[in-house]
Structures are given as structure tokens and as C-alpha cells.
Amino acid sequence: MTKISLPVNSPMLSADFTYGVATASFQIEGGAEHRLASIWDRFCATEGKIADGSNGEVACDHFNLWRQDIELIESLGVDAYRLSISWPRVITREGTLNQAGVDFYLGILDDLERKNIKAFVTLYHWDLPQHLEDNGGWLNRETAYLFRDYVDLITKAFGDRVYAYATLNEPFCSAYLGYEVGVHAPGIVGKEYGKKAAHHLLLAHGLAMQVLAKNSPDTLNGIVLNFTPCYPASNSSEDKGAAHFADDYFNQWYIKPLFDGEYPEILSQLPKAHHPDIHQGDMAIIAQPMDFLGVNYYTRAIYRADKQQDFVELPALEPRTDIGWEIYPKALTKLLVSLNEKYSLPPLYITENGAAMADELKDGSVNDLDRIDYYQSHLSAVHDAIGQGVDIRGYFAWSLMDNFEWAEGYLKRFGIVYVDYASQQRTVKASGNAYKNFISSRVAKK
Ligand code: FCB
């Protein structure tokens, strides 16, 4: 496939459906010498943690190349750019603002405004200042209050330059991957830690939402969650039960407190030692009203029952992307419809969706037809969900450009723009052109 298209009457072709591209600070910025250390710097420096032994010291050198990168974003014709703020870049060890770091983002936000591109700002996309980790990180309740203080300072500094704020990106990844299985920073391992970290992250979200309501009532304020829908390996009640448990553990755990003010019922089945440390009033703080919910979707997972464990995940089925994730767009439609049935949701934005592919730069171009297919099928899946009554207002491609893919280092390419890391040359891939043409085929942009 070389083109992306949707039925002519699709609501996703109207001018008020927002299309964007997304990135995150640690994955693209570099400029590490101009900020405090984060948990990802430490993790990268630990032998064996990153597949190619790389780090984020230079990354896409966006710290120096941001002007041309924003021109690139403009050239794609998108309505919005989702970026994240590096907490260790804008804060000093004393917790005051680091003006040089703030100025870096003010430059970007002003440029976006001049170009009429909406800024969707994520306040935390995993790069916790290392000195806070030295005090326990997300296992320390105090971190939630320090996050609130940082959000208070930074939102005042940004004034009215922002269109939407997300408190956290994918608290599941921070909590489970970072503090339970240890494949992400800070690399802590232990079943007793994951839900404790998750609770403090959700508390941080709730506290930040209160600050946003005060400092920034005119922006859309919300959170970004990732979902990997859980399917049973068979129709047996055991396998269905295993998939249900996994869904509560990985997915509902992060959304139910936001809308229902309580954790899924599997809490009572978890050993006491694994429970979060819930103080009186916490759940009410977590369940603040939100203007939008960001949904990130890449793939699904299949589970079977097991005598020893709550569930066992099966290897991903084909077809798969270059990172090994099954391509299964139907699960996106089903996910959106089921969330809409379960919860009283605010408008949704698909804040990340995309694919790692084994790209090759040949004669100055990247002919990533497989990625175009992925976008086509997943945009169609979003269209189908809207057809079934889900209020979805926007879609962001992950990612603007190839970047530091966490534990995979630079080995996996998710961009619609190719990055040659040696020269820092950017080349729009066929998928980038297809996305651009698709967006410009809509009713004239406002
Ligand atoms: C998501 C992350 C994002 C990116 C994609 C591939 O979980 O939010 O930073 O790495 O996966």
C-alpha cells in the first residue's frame, strides 16, 4: 500500500479531527550536559540494560536541531505536536526552575504557536531526576508531591502556550517495567514493588490535575495510558479467567482508579505484601475530572491459565513488526468500544500508535510500505470505533522520527522520518509522505 485513505464520509476527515506526531524528551533531545541526570542516564550506564549499549546523551540531537525539526513537523501538515518535558532539564536539585531549561521549551512552544501547531505537552515521559530516585523514586510517596510542585512551577512558566497537558505517559510502563520486572529504568525487580510505584504515580497524576485545574483551566488536561488488550488462548473458562486477570493487572489497574476511584477487584487476590500503600483520601485525589484521555495502542497479548502463576503470556502471533509485536488492529476497535462501555469517559485522543519496521535508506529514500499498511489498518480501526459511538477527537503517529527506543536503544525504528544517527540527517519516509497526503486530503484545515 502506498496511500492512506478513509471512507469519504468519515468524521476523521473533518477539519476538527486533530492529527499529530509524537515524541518524548529522553528519546530525541540529547543535550544531556545541560540538565540533571535522569534514571534513564543511570540505567543506560548499567552494563547489559540497553540492547546496543547506547544512551540518550545525543539521541537525535533535537536539543540543537529543534528549529529544523519543527519545520519538519510543519512540512508534514499536522495540526498538533505531542512532546514531553524533561523534568531534570527544567528543575534544579533544590526544586526551583532552571531557567535555561525552561527557555529551551519556551522556544519550541513559541515556534509551534507561530506555526499554528497545537502543543500537546506530556509532563512526565519516564525521565525521573536521578536524585529523586536516590530517595526511593516512585516507591517514595514524597515523589508524588515533588511532581506536583514541578507541575506548578512549569505550568506557570508556560503560561498560555500549551493546548493540552497530559500529566503522565503510560504509568503502567513506569511502574511495572521500571519497578516490577526491571526492564526499564530504574531497573528494580520484585512483585511487591510494582503496585506501590503505580499508586504513587497515580497519586502524582491526581495532585497534578488539581494544580492544572488552578493554573491552566483553559488547556485540555488529562493523562495518557497504554493498553495491551488481553485475549484468552482458548474458550476454556480457565484461559478466559487468566486473560481477565491479566487485563485487570496490566490495563484496568491504571484506568479504573481514574474513573471509579478504586482498583480492580483483583486487589483482594494479591498477597498483602504486594498491595499499594493507600492513605485515606488518596482515591478521591486520583479520580479528578479530566478533559481528555490519551490512549496509546500498539498490539494485543494472548494468555493461558497456569497452575503455578495467575497467567502465562503466549508468544506473539504473526504478522509481527520488527520489535516482535503482533499487528492486530481489530483489538484497537474493541478496546475503544469496551472502555467506552465500562467508564464515563471524556473525549479520547489516540496519543500513540505506530510500528517499528526494518527500514532501509536506499538512494535517499525509505520505502516503508509495511508501515503505511499499519497506519492504514489502525486508522480504519479508529474510524470503526467512532462508528460504534466512541468520542475520539485526534490521532498521533508514534513517532515523528526514529529515536532512542528505551531498552532497544537505536535498533528499532518507529519514525515516519528516518534518522541517520551519524550525520543527524532526517529523511521523510514513504509513510511520512502518505500520512502528510492523507492529512491534507481532509476538508481545508482551519
Ligand atoms: C510507548 C512509549 C513510547 C515509545 C513507544 C514505542 O510505550 O510511550 O515512548 O517508546 O512505546
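Just after helix H10, Gly 261 takes a positive phi of about 65 degrees; helices here (H or I, at least four residues) and strands (E, at least two) are DSSP runs, numbered from the N terminus. This is a predicted model, in which local features need pLDDT of at least 70, side-chain atom pairs count only at pLDDT 80 or more, and totals for chains, interfaces and linings use all residues. Residues are numbered from 1 along each chain as its sequence is written, and side-chain values use heavy atoms, with hydrogens and water left out.

**Helix H10**

- Helix H10 (residues 237-260) spans only 27 Å between its end C-alpha atoms, whereas a straight helix of 24 residues would span 34 Å at 1.5 Å a residue (the expected span is 1.5 Å times one less than the number of residues).
- H10 is mostly covered, with 17 of its 24 residues buried (buried means under 20% relative accessible area, exposed over 50%, partly exposed in between, with a 1.4 Å probe and protein chains only).

**Aromatic pairs**

- Searching the whole structure gives 51 aromatic pairs (rings of Phe, Tyr and Trp, the last by its six-membered ring, pair if their centres lie within 6.5 Å; planes under 30 degrees apart count as stacked, over 60 as edge-to-face and the rest as tilted).
- One of them is the edge-to-face pair of Tyr 124 and Phe 147, at 6.3 Å centre to centre and 80 degrees between the planes.
- This pair links distant parts of the chain, 23 residues apart: Tyr 124 is in the loop between strand S3 (118-122) and helix H6 (130-133), and Phe 147 is in helix H7 (residues 142-158).
- Tyr 124 counts as buried because its relative accessibility is 1%, and Phe 147 is buried at 0%.
- The rings of Tyr 374 and Tyr 375 have their centres 6.3 Å apart and their planes at 90 degrees, so they too are edge-to-face; both residues are buried.
- A cluster joined by ring pairs takes in Phe 26, Trp 40, Phe 43, Trp 126, Phe 404, Trp 406, Tyr 410 and Tyr 421.

**Charges over rings**

- Arg 89 places its charged end over the ring of Phe 104, 5.4 Å from the centre (NZ of Lys or CZ of Arg must be within 6 Å of the ring centre and within 35 degrees of the ring normal).
- Arg 300 lies over the face of Tyr 328, 3.7 Å from the ring centre.

**Around Ser 38**

- Ser 38 is in the loop between helix H1 (25-28) and helix H2 (39-44), and counts as buried at 0% relative accessibility.
- Beyond its neighbours within four places in sequence, Ser 38 is in contact with Phe 26, Pro 88, Asp 127, Leu 128, Pro 129 and Gln 130 (contact means heavy atoms within 4.5 Å).
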